[in-house]
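Trainee: I have a new model open. Please walk me through it.

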Amino acid sequence: MLTKEAIAFLNDLTANNNTEWMHANKKRYEQYKKDYHNLIASVLTEIKPLDSNLEPLEIKNCTFRINRDIRFSKDKSPYKTNLGIWMTTNKNRKNSPGYYIHFEKGKCFVAGGVWCPEAEELKKIRREIAFFHDDLEKIVSEQTFKKEFGTLDIEEGNVLKSAPKGYDANHPAIEFLKLKSFTVSHSIDEKWFTEKDFEKKVAQKLILIKPLNDFLNRALETEE
């Protein structure tokens with residue numbers, strides 16, 4: 001579970017997102033990091049037995065730096081005011097499918113899959129969908145999966161307006177083939193994070209994404 005002190009730190013940081021405040025609250029930040037890492041460790045304990053691909057992961061593989069990259073952003077706030085946990089199914093491959101947990105006031109959610117794969121990876125995923133779209137349809141139409149996540153996320157800017165090059169516009173999986181990201185997500189109640197059984201509950205929800213991650217991994221590991 002996430003401590004109330006960690007949540008209070010993020011709330012205060014949101015109201016005071018500047019280096020002066022952060023320096024004055026260094027001890028609180030150090031405690032927040034400990035709470036953050038303890039939460040990751042607890043989640044890994046619950047989910048690793050459910051997906052053996054996660055076994056090699058350590059806490060350091062699942063964390064995000066609190067500093068924002070503001071080089072190309074109009075928002076020059078120096079710090080992130082959310083907490084994220086990313087659990088990749090292959091820590092040695094960039095953009096490997098995985099599971100994600102997000103805490104942010106009013107915007108808590110879980111997600112999984114592959115977000116914005118690079119060109120060669122995207123090519124492999126589309127090829128897998130083109131040849132084995134029945135497998136993907138079966139995954140997203142499974143009753144519990146569909147109830148929790150619906151179907152693959154449709155994000156503005158991450159969907160082609162027409163068929164990708166080399167694919168027929170009438171392909172039965174054309175709506176999947178148009179995607180540039182292959183993720184699912186579901187909002188969760190902020191109160192979940194402070195419940196004693198949070199790690200178990202969130203692991204049970206995330207593991208529903210495993211068949212999709214397995215499909216995506218199969219695509220990325222298959223050579224032409």
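Trainee: Start with helix α1 and α3. At roughly what angle do their axes cross?

Mentor: In this predicted model, the axes of helix α1 (residues 4-15) and α3 cross at roughly 130° and come within 9 Å. Axes are lines fitted to C-alpha atoms, for helices over the stretch in contact, with angles from 0 to 180 degrees between N-to-C directions. Helices (H or I, at least four residues) and strands (E, at least two) are DSSP runs, numbered from the N terminus.

Trainee: What do you call that arrangement of α1 and α3?

Mentor: Oblique. Under 35 degrees is roughly parallel, over 145 roughly antiparallel, 65 to 115 roughly perpendicular, and the rest oblique. The crossing of α1 and α3 is left-handed, meaning the near helix is turned anticlockwise from the far one by less than a right angle; clockwise is right-handed.

Trainee: Which residues make the contact?

Mentor: From α1 there are A6, A8, F9, L10 and D12, and from α3 there are R28, Y29, Y32 and D35. Contact means heavy atoms within 4.5 Å. By class, the contact of α1 with α3 has six nonpolar residues, no polar and three charged. Nonpolar is Ala, Val, Leu, Ile, Met, Phe, Trp, Tyr, Cys and Pro, charged is Asp, Glu, Lys and Arg, and polar is the others, Gly among them.

Trainee: How far apart are the axes of α3 and α7?

Mentor: They are 9 Å apart, and α3 (residues 26-47) packs against α7 (residues 198-206) at an angle of about 55°. That angle is why α3 counts as oblique to α7. Their crossing is right-handed.

Trainee: Which residues meet there?

Mentor: On the α3 side, L39, S42, V43, E46 and I47; on the α7 side, F198, E199, K200, V202, A203 and L206. The contact of α3 with α7 divides into seven nonpolar, one polar and three charged residues.

Trainee: New topic, the sheet. What is the strand order?

Mentor: The order is β1-β2-β3-β4, in an open sheet of four strands with antiparallel pairing. The edges are β1 (83-88) and β4 (182-187); each has a single partner strand, so one side of each has no neighbour in the sheet. From one strand to the next, the twist averages 15°.

Trainee: How many bridges join β2 and β3?

Mentor: Strands β2 (residues 98-103) and β3 (residues 109-114) pair antiparallel over five bridges; two strands pair if DSSP finds at least two bridges between them.

Trainee: Zoom out. How many helices and strands does the chain have?

Mentor: Eight helices and four strands, in the sequence pattern α-α-α-β-β-β-α-α-α-β-α-α. The radius of gyration is 19 Å, close to the 17 Å from the globule rule for 224 residues, so the chain is as compact as a globular protein of that length. The radius is taken over C-alpha atoms, and the rule is 2.2 Å times the number of residues to the power 0.38.

Trainee: Which ground rules apply to the numbers?

Mentor: Local features need pLDDT of at least 70 and side-chain atom pairs 80 or more, while totals for chains, interfaces and linings use all residues. Residues are numbered from 1 along each chain as its sequence is written, and side-chain values use heavy atoms, leaving out hydrogens and water.
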